[in-house]
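Please look through the model shown below with this briefing beside you.

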Amino acid sequence: MKHFLYCFAAIAFISCTAIGQQQPVAFVNARIIPIVGQPIENGTIVIQNGKIVAIGPNVQPPAGALINNLSGKTIMPGLVDTHSHIGGGSGADASSPIQPDVRILDGINARSSSIQRAQAGGITTANVMPGSGHLDSGQTLYLKLRDNAVKIDDLLIFGKDGSYAGGIKFANGTNSIRAGGGAFPGTRAKSAALVRAQFIKAQEYRDKVSKAAGDASKLPPRDLAMEALVEVLDRKKVVHFHTHRHDDILTALRLQKEFGFRIVLQHVSEAWKVADEIAAAKAPSSIIFIDSPGGKLETTDIKFENGVALERAGALVGFHTDDSITDSRWFLRSAGLAIRAGMSRDKALYALTMANAIMLDLQDRVGSLEVGKDADIIVLSGDPVSVYTQVLETWVEGKRVFDRSDPKDRLTATGGFGAGNDPGDHINCFDGDLGGGN
Amino acid sequence: MTISSSKINITFFTLGLMILVLAFSLSASAQIAVKGETVWTMAGEPISNGVILVNNGKIEAVGPASQVNIPAGYRVINAKVVTPGLIDAHTVIGLNGYLNQPHDQMALDGGASIQPELRAIDAYNAEEKLVEWVRGFGVTTIHTGHQPSALISGQTMVAKTTGKNVDEATVIPTAMIAVTLGNAANAGAGRSPGSRAKQAAMLRAELIKALENSKKKEPATDLKSAILDRVIKREIPLLITAEAAVDIMTALRIAKEFNIRVVLDGASDGHMLINEIKASGFPVIVHPTMARPGGDRENLSMENAAKLKAAGIPVALQSGYEGYVPKTRVVLFEAAMAAANGMSRRDALATITIDAARILGIDGRVGSIAVGKDADLAMYDGDPFEFITHCIGTMINGKMVSEVIR
């Protein structure tokens, strides 16, 4: 019956789109955790045309709205993952350690089942990055995990100027060091020197472009790598800086200070040792929770306490999955482990949502439940930090992309026979044969 | 004056030392009462407001506070929830260390594909950091050994997560022989085995040799034959890691051919072969609930343990083996996720206590809170499965081995 209702809504959407307004959907009687503002008991959220149009304890659903009664359930903003490898994308190759010209845009599978698993975990926005085996492995992408994507364009987030959102990935420490690795660095100091040299080159390139003042005869030859680094220098692209050890963290901050780029520290395994320095630099940290220390020399001192240490220092802290290092389906667990180690409940939930939206420059669109923001919503069976809580529904821009009551979506959530294969496109409310090889 | 002052100092020093010794012997000694708002004995229903008396390393009494009086002189420890010390039914910690560097990865010798003579006790580092790490979450007993990355990688052992050395830790020096079927068992580099069928042929050939040796009047004394003779005589089981359905079926086929004991390990596709596994009578040490899907674990389901258990198959959970991170999983979290995916809390707790103990053959000593058993306890400030709950104490053999809040 529930399926029927949503099918009906889908038909209504289509027919209403023709006249420009979609049928509103009202989520009623839920406990709402809006992240910005206090939790609302028995609250209502109304969404229309992909946006939140009303939220509060005493909101009356508009006439004609589809009512989604969520008594006993909890609603949160869709989760934002600041560091993920879903989509099986690749970045730089083995030819050199710094490749700002390479875009993960050109090497990602929009139909990957890993994207569906992220939807099942309540993730609606993700920063999908190339790896850390380079000082700079290329440009990252901020994606909206919309349903039925057939190509990467279907997942992009476009700004007002028509450009798509994304950052750039840098790394220091051992991953990008290769003993006897030719162009690759063999030490930490060499790593820093190589990065500095490239940014100095980019400054010179920018100066030439600036002096040319649009005169084509005076412009330097186009250089994709330099163009990308100029965007970094101009603070248009955020550097997502993979770094673990306390000294490497400080090196990343030193480079940031020298060149003035915007930075998000990624992993930050020894953040608890330099939390005050991170806070003083006003650098946001995106951290991960791993079940045990070690696995490599740089992460022997990783602690669940990173979250509380950064919170107490006054730094902005968010969480990430690094999928498949940790599976997107249990991203909520990060908050539980952070609270276990002393982080406040409010900041732990903020670190799954709004903090990450800020790090991705998407705070006007996602990360909290507020009027005017994207209708990215998750419906939970209970308390978000309880192990027993399940993600029941995930909505992106007003469309439901995951529904645990749908057998196919449930299979994605739990795993099982067939879950490991890319299931291809399917429509939540329709389990029959769509034709065309679906 | 000087002399007398020095005498006084010595006297105070001696007195201080005596007090210290006394305090130490009290804390390390044997008489402790653990009070729990909920006590999961795993030998019956949970007890509300329970008391466990510990004396001389063993459980002396357990029951509701109304029935168990705490004798004078017992140290009293309070906890919201008390469970038996947790058992990790399959891990590689102690052999593989947390640094993940060649010098501390000792759970696999890549020199040959069949090495059942490799003993876990010769590689177990009782003071390895990961042993301390899991102990802090309440894990008191581990089944550890050679990793599932070769056809026969070596032996496994059962240890308590305490002791300064292997002798102090060991419960069973040779528990099982670690066998792997599937992609992980291929030797690579053009060496055999390089296919599933070759793996089966090589394993069968080894067991045929062992069977023939066992019939001889003078049993073979080489290390390999001696240990496989114990398998043929059903003294120890093969721990067969088989994730894909095809590998599980091969394990069952070979077990039947040689009438040997088998403990199935991993068994990602177990939920697709419930009737076959049940008919074999073999227990299953199921993969970590949060193991990564893919490869031979393509059909991995977080509901696997729940489905096998519901069919009446003996099931334990494990932290398993990871080549990278997390260098060890925490079996408590794996059971928690099983409890969130179709298993009752009691059954999920059983997979890391009494049911694990039975599969490992140590339920006479550990796995439940019962009079006469080892005093191995885990204490929590809430539901042990919730991520926001802390383990506040771990006791092994009647001694508090961890009081960190973790």
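Because a compact globule of 406 residues would have a radius of gyration near 22 Å, the 23 Å found for chain B agrees with that expectation; this radius is taken over C-alpha atoms, and the globule rule is 2.2 Å times the number of residues to the power 0.38. This is a predicted model, in which local features need pLDDT of at least 70 and side-chain atom pairs count only at pLDDT 80 or more, while totals for chains, interfaces and linings use all residues. Residues are numbered from 1 along each chain as its sequence is written, and chains are lettered from A and ligands numbered from 1 in the order in which they are written.

**Chain B as a whole**

- Along its principal axes, the C-alpha trace of chain B spans about 85 × 50 × 45 Å.
- Chain B holds 11 helices and 16 strands, where helices (H or I, at least four residues) and strands (E, at least two) are DSSP runs numbered from the N terminus.
- Of the 406 residues in chain B, 53% are buried, a residue being buried if 20 or more other C-beta atoms lie within 10 Å of its own, exposed if 12 or fewer, and partly exposed in between, with C-beta atoms placed from the backbone.

**Domains of chain B**

- The domain assignment, which is automatic or from a database, divides chain B into domain 1 (31-82 + 389-406) and domain 2 (86-360).
- The C-alpha centres of these two domains of chain B lie 31 Å apart, and their contact takes 10 residues from domain 1 and 12 residues from domain 2; two residues are in contact if their C-beta atoms, placed from the backbone, lie within 7 Å.
- On the side of domain 1 of chain B that touches domain 2, β15(B) gives the most, with three residues.

**Domains of chain A**

- In chain A the assignment gives domain 1 (2-77 + 369-414) and domain 2 (79-359), with 30 Å between their centres, taken over C-alpha atoms.
- In chain A, 19 residues of domain 1 are in contact with 22 residues of domain 2.

**A sheet in chain A**

- An open sheet of six strands in chain A has the order β8-β10-β11-β12-β13-β14, with mixed pairing; two strands pair if DSSP finds at least two bridges between them.
- β8 (136-139) and β14 (317-319) of chain A stand at the edges with a single partner strand each, so one side of each is left without a neighbour in the sheet.
- Strands β11 (residues 239-243) and β12 (residues 263-267) of chain A pair in the parallel sense over five bridges, and A:T243 stands opposite A:H267 in β12(A).
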